[in-house]
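Hello,

Here is the structure I promised to pass on to you.

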Amino acid sequence: MRRKLFAAVLAIVAATAGLTACSSSSNDPNVLKVGTEGTYSPFSYQDGGNLTGYDVEVIKAVGDKMGRKVEFVQTPWDAIFAGLESKRFDLVANQVTVNPERAQKYSLSQPYTTSEGVIVTKTDNAGIHALADLNGKTCAQSSTSNWSKVASGAGCKVEGVEGFVQAIQLLKNGRVDATVNDTLAVGEYSKKTGDTGVHVAGKTGETSQQAFAARKDSQQLIDQINTALDQLRSDGTLTKISEKYFGTDVSK
């Protein structure tokens, strides 16, 4: 009986120790937990089993300047802000487009990417050239993305998808008429796949800026990230990372 009681006590102690270890690890001030998709090339994607991409390299460089190790938590885009709010991670690094709604709800860093939106259709679709042509059509979009709002604002019915690759698949299968996305992501897809079945049919006419997002109570973290971004601009690191992925500097 004493042996069983002693074993039970040991089990409780071990479990408690395990919980304590998990708790201290998740609150380690030297670790910056970052939510990212891991499926959005060239910003955040898998290469040979390793997470890489423009956003991944930029936030790693930011972490180095801050003296913090970066740990990534891969999360689908449509769940990424819920993960941030539930404190699964400290920051979102996944081409978060700056807009008034997000600025009101989250603490946003200074922009580290500037790009424009484009409309992608099947190559044989000659009826779509501008946002106005999307009225009454169907677009494949990540439901909570900025591009989804652009498409729906143009009168396009949105078919929800998990990411850009799935949007292209629906487009090629004829299930949707178009998808609206970032010109950098579309260019990377075309370069990597050589897919001639889809093409850029037109531009949205909007220039967007992307930033890192933290919870509203994390302004101190954002201030530190902004300081690091300033340093990375000054020493040329941001330009170097940008030119590696895009052949030009999109960090300005």
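In this predicted model, helices α2 and α8 count as roughly perpendicular, because their angle of about 100° falls in the range of 65 to 115 degrees set for that class. Helix α8 covers residues 219–234, and its axis lies 9 Å from that of α2. On the α2 side, the contact is made by Val58, Ala61, Val62, Lys65 and Met66. Helix α8 brings Leu221, Gln224, Ile225, Ala228, Leu229, Gln231 and Leu232 to it. Sorted by class, the residues of this contact are 9 nonpolar, 2 polar and 1 charged.

Helix α2, residues 54–66, also packs against helix α9, residues 237–246. Here the axes come within 10 Å and cross at roughly 165°. Angles over 145 degrees count as roughly antiparallel, so α2 and α9 belong in that class. Their crossing is right-handed. From α2, the residues involved are Tyr54, Glu57, Val58 and Ala61. They meet Thr237, Leu238, Ile241, Ser242, Lys244, Tyr245 and Phe246 of α9. This contact divides into 7 nonpolar, 2 polar and 2 charged residues. If you click through α2, note that Val58 and Ala61 take part in the contact with α8 and also in the one with α9.

The other spot I would like to show you is Gln141, in strand β9 (residues 138–142). Is Gln141 buried or exposed? Its relative accessibility is 2%, and since buried means under 20%, Gln141 counts as buried.

Finally, the overall picture. The protein has 9 helices and 12 strands. It is made up of 252 residues, of which 47% count as buried. Among contacts with a separation of 6 or more, 70% come from residues 24 or more positions apart.

Happy browsing, and do write back with any questions.

Best wishes

How values were computed. Residues numbered from 1 in each chain as written. Predicted model: local features only at pLDDT ≥ 70, side-chain atom pairs only at ≥ 80, totals over all residues. Heavy atoms only, no water. Helix = DSSP H or I, 4+ residues; strand = E, 2+ residues; numbered from the N terminus. Buried < 20%, exposed > 50% of the residue type's maximum accessible area, 1.4 Å probe, protein only. Axes fitted to C-alpha atoms, helices over the stretch in contact; angles between N-to-C directions. Parallel < 35°, antiparallel > 145°, perpendicular 65-115°, else oblique. Left-handed = near helix turned anticlockwise from the far one by under 90°. Contact = heavy atoms within 4.5 Å. Nonpolar A, V, L, I, M, F, W, Y, C, P; charged D, E, K, R; others polar.
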